[in-house]
Amino acid sequence: MTPRQLTLTDGSIAYDVIGQPAGPLVVCVHGLGDTRASYRFLAPALAATGHRVATMDVRGHGDSSADWPAYSTPAVADDITALIHHLGGPAVVVGHSFAAGSAAMVAERSPELVEGLVMLGPAVHHPPMGFFIRQMARLVASSPLLWTRYYASLHPGAKPADFREYTTGLKTKLRRPGRMLPVRRLLESFSPDTDADLSRVTTPTTIIMGGRDGDFDDPSAEAARIRDELAGPGTVHVLKTSGHYPHVDDAKATNTIVNDFLAK
């Protein structure tokens, strides 16, 4: 599918829309070093229940343009906000990993635009990294090969049938000139100063965390911490055998949880 392009001041954001043209809007935003195709299981499941589902490529990723002047959680929040306005919101926003923080930031800044939040494997707290971890992260975020190996490690359980094909395609996209730089710059931007203030988010939220998510020492505790920091109502679902990508390695359970949330 050839994506649509939303032209902004500093570049363009690629996105797809499927489902009912007049249905309630859902905007899905992928995590670091990935593409909108990571929602290949969730988006059709939501469209099948009558929703209009937009999946977007984060700036510098996928089919969005490269060479943006800034890469950060707030910058991605600006892009989500622009897409919701363009598509005629409000919307439920689904954010994976760091993009859960960007989605929360949209709800924090413009609550009238966000009817609900779905956080998938949310990485919304970014304490300063130690020197060794920071250097290793920069190395991994500079190499398509190392990145896709790391990506695969975050799927510790059962993988979908298309997983090898998907990661091969992701590696090909990241090998295009200049395409690892946005990944590295976005990673380097993460800090407590650019995290969303969850205490200002009143939007109803559901959190879906993999019980084997390697990004956290204790995934269940991190999910509970996020829920407790939210100003609005929040629910937590921990999928015991899932990793950092519950919408991929436990798509059936994730689809059910999100559709139930949307039906409320």
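In which sense do strand S3 and strand S5 pair, and over how many bridges? Strand S3 (residues 25–29) and strand S5 (residues 91–96) pair in the parallel sense, over five bridges. Keep in mind that this is a predicted model.

- Eight strands build an open sheet, and their order across it is S1-S2-S4-S3-S5-S6-S7-S8.
- The pairing in this sheet is mixed. As a reminder, strands of a sheet pair through backbone hydrogen bonds, in either a parallel or an antiparallel way.
- At the edges you will find strand S1 (4–7) and strand S8 (234–239), each of which pairs on one side only.
- On average, neighbouring strands of this sheet are turned by 20° against each other, with direction ignored.
- Helix H3 (residues 98–109) packs on the sheet, where it touches S3, S5 and strand S6 (114–120). The direction of H3 makes about 165° with that of S6.

- Five of the five residues of S3 are buried, so the strand is largely enclosed by the rest of the structure.
- Side chains in a regular strand alternate between the two faces of the sheet.
- In S3, Leu 25, Val 27 and Val 29 point one way, while Val 26 and Cys 28 point the other way, and all are buried.
- Cys 28 has Thr 55 as its bridge partner in S4.

- S4 is mostly covered, with five of its five residues buried.
- Arg 52, Ala 54 and Met 56 point one way from S4, Val 53 and Thr 55 point the other way, and all are buried.
- With S2, strand S4 pairs in the antiparallel sense over five bridges. Here Ile 18 stands opposite Val 53 in S4.

**The largest pocket**

- The largest pocket has a volume of about 820 Å³.
- It is lined by 31 residues, and the closest to its centre are His 126, Met 129, Tyr 150, Leu 187 and Asp 215.
- Helix H4 (131–140), helix H5 (144–153) and helix H8 (219–229) are the elements that give two or more residues to this lining. H4 gives the most, with five residues.
- By type, the lining of the largest pocket divides into 20 nonpolar, seven polar and four charged residues.

**The second largest pocket**

- The second largest pocket holds about 370 Å³ of space.
- Its lining has 20 residues, and Asp 16, Thr 35, Arg 36, Ala 37 and Arg 40 lie nearest its centre.
- Strands take part here too: strand S2 (12–19), strand S4 (52–56), helix H1 (42–47) and helix H6 (163–174) each supply at least two lining residues.
- H6 gives the most to the lining of the second largest pocket, with five residues.
- This lining divides into ten nonpolar, three polar and seven charged residues.

Note on methods. Residues are numbered from 1 along each chain as its sequence is written. This is a predicted model: local features need pLDDT of at least 70, side-chain atom pairs count only at pLDDT 80 or more; totals for chains, interfaces and linings use all residues. Side-chain values use heavy atoms; hydrogens and water are left out. On a 1 Å grid over the protein atoms alone, a cavity is a set of points where a 1.4 Å probe fits but cannot get out, and a pocket is an open set with protein on both sides within 12 Å along at least five of seven lines; lining residues have an atom within 4 Å of a point. Grid points are joined across faces, edges and corners, and a volume is the space filled by probe spheres set on the points. Helices (H or I, at least four residues) and strands (E, at least two) are DSSP runs, numbered from the N terminus. Ala, Val, Leu, Ile, Met, Phe, Trp, Tyr, Cys and Pro count as nonpolar, Asp, Glu, Lys and Arg as charged, and the others, Gly among them, as polar. Two strands pair if DSSP finds at least two bridges between them. Axes are lines fitted to C-alpha atoms, for helices over the stretch in contact, and angles run from 0 to 180 degrees between N-to-C directions. Contact means heavy atoms within 4.5 Å. Buried means under 20% relative accessible area, exposed over 50%, partly exposed in between (1.4 Å probe, protein chains only).
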